[in-house]
Amino acid sequence: MHSTATGATARALLDSLVDHGFTLATGVPCSLLTGAFRLLEDPGDDARLARLRYVPAPREDSAIGIASGAVVAGERAVVLMQNSGLGYSLNVITSFNLIYDVPVLLIVSWRGHDGNDAVEHDVIGAELLRLLELFRLPYTVLDHADPAASVATVIDLMDKEQRCGVLVVREGI
């Protein structure tokens, strides 16, 4: 279900990305990120959001490849995915992004964080933050009351460490 509040959070998050110079978004849809994907797919007459070019990806590791190419070419790029996609993408992140210092921002939905999601999300949901710490990926959890501050925090961490940064989204946007 998509509400006005979650839509407002998604818009504020994407506006903040544009304000920080992001020009490319890619990823694989997740129901917790529905509002963001709707705006990316159809920014309507919003010229600000239209500056964030959206390229759908068939798989999360492909999305990281698309975004990494953009970063190497001098753009700022973001990948949206669910946490199971992050698990799927760790080989790409550890064998390319972390070796060659290609920082890509990841917006990752936190499925299974409370044990009340579909059972396939329980294991990675319970371990997501420890997984990020294990790979030393700087992260912050989205504050729905101030999405712009959350975006600024994770970008600052990502830029300081020159590593992929992760904005964890616990509830739907």
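Glutamine 162 lies in the loop between H7 and E6, where helices (H or I, at least four residues) and strands (E, at least two) are DSSP runs numbered from the N terminus. The structure is a predicted model, in which local features need pLDDT of at least 70 and side-chain atom pairs count only at pLDDT 80 or more, whereas totals for chains, interfaces and linings use all residues. Residues are numbered from 1 along each chain as its sequence is written, and side-chain values use heavy atoms, with hydrogens and water left out.

Phi of glutamine 162 is near 50°, a positive value in a residue other than glycine, and glutamine 162 is partly exposed, with a relative accessible area of 37% (buried means under 20% relative accessible area, exposed over 50% and partly exposed in between, with a 1.4 Å probe and protein chains only). A positive phi, of about 50°, is also found for aspartate 101, although it is not a glycine; this residue lies in the loop between H5 and E4 and is partly exposed, with a relative accessible area of 49%. Isoleucine 99 is placed in the loop between helix H5 (83-97) and E4 and is exposed, at a relative accessible area of 51%. The C-alpha atoms of isoleucine 99 and arginine 163 are separated by 9.5 Å, with the two residues 64 apart along the chain.

The axes of helix H1 (residues 4-19) and helix H7 (residues 147-161) come within 8 Å and cross at roughly 40°, which makes H1 oblique to H7. Axes here are lines fitted to C-alpha atoms, for helices over the stretch in contact, and angles run from 0 to 180 degrees between N-to-C directions; those under 35 degrees count as roughly parallel, over 145 as roughly antiparallel, 65 to 115 as roughly perpendicular and the rest as oblique. On the H1 side Thr9, Ala12, Leu13, Ser16 and Leu17 meet Pro147, Ala148 and Val151 of H7, contact meaning heavy atoms within 4.5 Å. Also in helix H7 is serine 150, which is buried, with a relative accessible area of 5%. Leaving aside neighbours within four places in sequence, serine 150 is in contact with Thr140, Val141, Leu142, Asp143 and Leu167.

A further helix pair is formed by H5 and helix H6 (residues 122-134), whose axes come within 10 Å and cross at roughly 50°; H5 and H6 are therefore oblique to each other. Asn83, Ser84, Leu86, Gly87 and Leu90 of H5 make this contact with Ile124, Gly125, Leu128, Leu131 and Leu132 of H6.

Apart from its neighbours within four places in sequence, leucine 80 is in contact with Ala25, Thr26, Gly27, Val28, Leu33, Ala36, Phe37, Leu40 and Ile107.
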